Amino acid sequence: MKYIKYLTFTLAAILMSCDADEFLNPIPDTVVVEQAFYQSDADVLQGVIGIYDALQGVNDATESSEANFNRGVQFEHLLTEHRSDNTRNATLEGSKADFHRYVIQAVNVESEDYWASMYNVIFRANNILNFIDIADESNQARYTAEAKFLRAYAYFKLVRLYSDIPLVTEVVLAEDREAVFTRVSEETVYAQIVEDLQEAIAVLDNTYKSRASRAAAQGLLAKVYMSQPTRNYEAALQLCEAIINSGEFSLQDNFSDVFYNELNDEIIFAIQYDFGNPQESQGYSAEFASTFRQGTDDGQNILHDNLIADFQAFGGTRTDVSFITFPTRSEVTKYLPEGSDLSIFPPSYGDNARNAGNDYIALRYADILLMQVEAAIGTGTSTTNAGALRSFQLIRDRAFPETAPNSVSSISKEELLVERRVELAFENQRWFDLQRFGVAAEVLAAHALEEGYTFTGTDLLLPIPAREINLSGGLLTQNPGY
């Protein structure tokens, strides 16, 4: 049973009926409807929940039109894992196959969808902030903090993928096109993200895992501090230690339980889906099963050989939970649809794989432990920080219980990067890890050469979607090289 449901939100459905061209533009053409809708605290709370609905997105098995329905985070693995050295598309056909070959065009529909999805989150957050005064006074600060956390979450995704982007923090008038379409610097976007997350930390508690919380804001801000143009490793270390010292989270003993015991003690923030419910399910679990095709496409997140090699060397008990190798390819098994049985051949993926309910894990405790190590290393090449060593050993001991305690006296940056790769594989972290560690260009150029593709510095950023540039009438500019 899911704790909350996102999509049963009447006003969200009304807003989603706006023309697709308006995804970026946070100008409501339903102002009268909105003003009539928001009459009570319960209405404002529905508006807050509606922001999560935008992150959840619409399952393409439910609504196949990518022009009219955003997918939220359901395409994120294409923009992250497929562009890293972790995984690829099963075939070379269609726009979804462009990511792993580094041939993404400004008209790529999945990139357009992701951009629109994140700005839809931002739009809904800005919109609800306009009606906060209607909420009960005792709830106003919490609702505000929750909306700002989600706005920061979306901006953090966008700024790392597209660099300079439009920064819109309020509902603006139709004629104010410069505010909507003018790109601002990464530094300015990051400053807004930090401000929003600091407010969230000051106000929120840890009541929820499927909604914003203090720990989620702390963990996200720690990653922000280590990603922004001017790194702040000391502040990131303090935030990770605050989460660890709170004692409110812990690693699951069994790695499989992280993914199949939802909202467990290791989860800090997850976007929920509901099995069998076309309105609240997701489609990516089915797309990951391609040998015995379950999805609408030929298959996604197919493992590269060098990831398999890292699992064989460093994966331990994580390996069998993370993927399975069939005669023709290796597939992700972290998000198997309900009813799956891989002990038989051919395997079963249940009776409703395209309406899967596996949650999207946005942040979990293992990530915090490894971020603590990363922050302790800082600008150096290794660390002997006692807390970092303890955290690293916790991760290793779960992966290699037969040799525990797996104590270490020092952790290098290279050891940490490969540990993150096998611990967080298929959780859409690898692309951002390579960027943060400053090795993306080197690693991906070598990977592309091995696969017969070409990777250049241009590929470190996605193109600004052509649809948005056209809508802007030239105000929105393109990234160099596209």
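Tyr102 lies in the loop between strand E1 (87-88) and helix H5 (109-129); helices (H or I, at least four residues) and strands (E, at least two) are DSSP runs, numbered from the N terminus. The model is predicted, so local features need pLDDT of at least 70, side-chain atom pairs count only at pLDDT 80 or more, and totals for chains, interfaces and linings use all residues. Residues are numbered from 1 along each chain as its sequence is written, and side-chain values use heavy atoms, with hydrogens and water left out.

Most residues other than glycine have a negative phi, and most peptide bonds are trans. The phi of Tyr102 is positive, near 60°. Tyr102 is buried, with a relative accessible area of 7%; buried means under 20% relative accessible area, exposed over 50%, and partly exposed in between (1.4 Å probe, protein chains only). Asn301 also has a positive phi, near 60°. This residue is found in the loop between helix H12 (284-287) and strand E5 (302-303), and Asn301 is buried at 0% relative accessibility. One runs from Phe345 to Pro346, with omega near 0°, and Pro346 belongs to the loop between strand E8 (340-341) and strand E9 (348-349). Another joins Ala404 and Pro405, with omega about 0°; Pro405 is in the loop between helix H16 (386-399) and strand E12 (411-412).

The largest nonpolar core has 130 residues, and those with the most contacts inside it are Phe149 and Ile193. Such a core is a set of buried Ala, Val, Leu, Ile, Met, Phe, Trp, Tyr and Cys residues joined through side-chain atoms within 4.5 Å. Helix H6 (residues 137-162) gives the largest share of this core, 14 residues. Not counting residues up to four places away in sequence, Phe149 is in contact (heavy atoms within 4.5 Å) with Leu197, Ala200, Ala212, Ala216, Ala217, Leu220 and Phe269. Another core, of 6 residues, lies apart from the largest one and includes Ala286, Ala289, Leu336 and Ala353.

In H6, 22 of the 26 residues are buried. The expected span of a helix is 1.5 Å times one less than its number of residues; for H6 this gives 38 Å, which agrees with the 38 Å between its end C-alpha atoms. H6 is followed by Ser163, whose phi is positive, near 70°.

The count of salt bridges comes to 29, each being a side-chain nitrogen of Lys or Arg within 4 Å of a carboxyl oxygen of Asp or Glu. In one of them, the closest N and O atoms of Arg318 and Glu419 are 2.9 Å apart. Arg318 lies in helix H14 (residues 318-322) and Glu419 in helix H17 (residues 413-423), so this pair ties together parts that are 101 residues apart in sequence. Arg318 is buried at 1% relative accessibility, and Glu419 is buried at 0%. Glu374 and Arg436 form a salt bridge with an N to O distance of 2.7 Å. Glu374 is in helix H15 (residues 365-377) and Arg436 in helix H18, 62 residues apart. Both Glu374 and Arg436 are buried. Salt bridges that share partners join Glu266, Arg318, Lys334, Arg364, Arg396, Arg398, Glu419, Glu423 and Glu427 into one network.
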